[in-house]
Structure formats: structure tokens, C-alpha cells
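Look at the sequence and the model first, then read on.

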Amino acid sequence: MLYSAVEYDREPLGQGVEAMCWLTVAPYALAEAGQAVAGHGEVRFAAAVTGRANLAVLVLCRATADLYAYLSDRLGGLTGVRSVETTLTLRRVQALTYAP
């Protein structure tokens with residue numbers, strides 16, 4: 001289970017596509033890949049994890065074409081990346097709320 005503690009209304013900012021990317025990275029390149037994605041403007045959250053994938057990345061893009069470019073050019077170009085599984089957020093059922 002992965003829980004994001006920071007949320008905001010992304011659509012008014014022009015970010016209409018949200019995706020969770022599960023990267024399988026060679027162990028020798030994990031730290032370097034993690035540091036690289038942490039600096040990408042599209043990335044809102046990144047963490048080393050255990051399981052089939054070893055790097056989880058939450059991405060926000062303006063449109064599907066931008067997501068495709070990010071996946072193929074930026075993630076695909078990282079040293080040691082063996083595979084990327086992407087899950088789109090189709091609909092948010094519940095978001096964090098603030099009650100003063």
C-alpha cells in the first residue's frame with residue numbers, strides 16, 4: 001500500500017494526467033535513478049520500494065502526449081531501468097480535506 005499525504009487540486013494548474021509508475025531498476029543504478037527522478041518537474045513523489053518493482057514514482061503531466069514523452073524519453077533514458085509499469089489515475093474517489 002502506498003499513501004500520499006500531500007494533495008492539491010491539479011486540474012486548475014493544467015495537470016490533467018496523473019500516473020503511478022513502478023520502475024524495475026538494476027540494483028547498481030537504483031540510487032542514481034532515484035536521485036534523477038526526484039529532480040524531474042513531472043514527479044510529485046518518488047521512493048525506493050520492495051517487490052517486483054524497486055522504484056515508485058507519482059507523475060503529473062498536462063496531457064497523455066506529455067506522459068508518453070516523459071515515459072519514453074526521460075524514464076526510458078535512465079541508466080539501469082529495465083522496465084516501467086504505468087497505472088493511470090482514472091478517477092479520484094476521495095481526496096484529503098481540510099476542516100478548520
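Of the 100 residues in the protein chain, 31% count as buried, where buried means under 20% relative accessible area, exposed over 50% and partly exposed in between (1.4 Å probe, protein chains only). This is a predicted model, in which local features need pLDDT of at least 70, side-chain atom pairs count only at pLDDT 80 or more, and totals for chains, interfaces and linings use all residues. Residues are numbered from 1 along each chain as its sequence is written, and side-chain values use heavy atoms, with hydrogens and water left out.

**Overall fold**

- The protein chain holds 2 helices and 4 strands. Helices (H or I, at least four residues) and strands (E, at least two) are DSSP runs, numbered from the N terminus.
- Along the sequence, the pattern is β-α-β-β-α-β.
- Contact means heavy atoms within 4.5 Å. Among contacts between residues at least 6 apart in sequence, 73% join residues at least 24 apart.
- The protein chain exposes about 6800 Å², and carbon and sulfur atoms supply 54% of that area. Accessible areas come from the Shrake-Rupley method with a 1.4 Å probe; for residues, only the protein chains shown count as cover.

**The nonpolar core**

- A nonpolar core is a set of buried Ala, Val, Leu, Ile, Met, Phe, Trp, Tyr and Cys residues joined through side-chain atoms within 4.5 Å.
- The largest one has 18 residues. Leu 23, Val 25, Val 37, Leu 55, Val 57, Val 59 and Leu 75 touch the most other members.
- β1 (17-25), α1 (30-38), β3 (55-61) and α2 (64-75) each supply at least two residues of this core. The largest share, 5 residues, comes from β1.
- Beyond its neighbours within four places in sequence, Val 25 is in contact with Leu 30, Ala 33, Asn 54, Leu 55, Thr 79, Gly 80 and Val 81.
- Val 37 sits in helix α1. Val 37 counts as buried because its relative accessibility is 0%.
- Leaving aside neighbours within four places in sequence, the contacts of Val 37 include Val 43, Ala 46, Leu 55 and Val 57. Tyr 70, Leu 75 and Leu 78 are also among them.

- Leu 67, Tyr 70 and Leu 75 are buried in α2. Seen down the helix axis, the buried residues of α2 fall within an arc of 60°, so they line one face. The arc is that of the directions from the helix axis to the C-beta atoms.
- On the other side of α2, Ala 65, Tyr 68 and Asp 73 are exposed.
- The cover over the buried residues of α2 includes β1, α1, β2 (43-48), β3 and β4 (81-88).

**A buried histidine**

- His 40 lies in the loop between α1 and β2. At 9% relative accessibility, His 40 counts as buried.
- A polar atom of the His 40 side chain lies 3.4 Å from the backbone oxygen of Ala 36.
- Not counting residues up to four places away in sequence, His 40 touches Tyr 70 and Arg 74.

**Cysteines**

- A disulfide is a pair of cysteine sulfur atoms within 2.5 Å. By this rule the count is 0.
- Cys 21 counts as buried at 0% relative accessibility, and Cys 61 counts as buried at 4%.

Notes. Polar contact = N/O pair within 3.5 Å; in protein donor to acceptor, adjacent residues only side chain to side chain.
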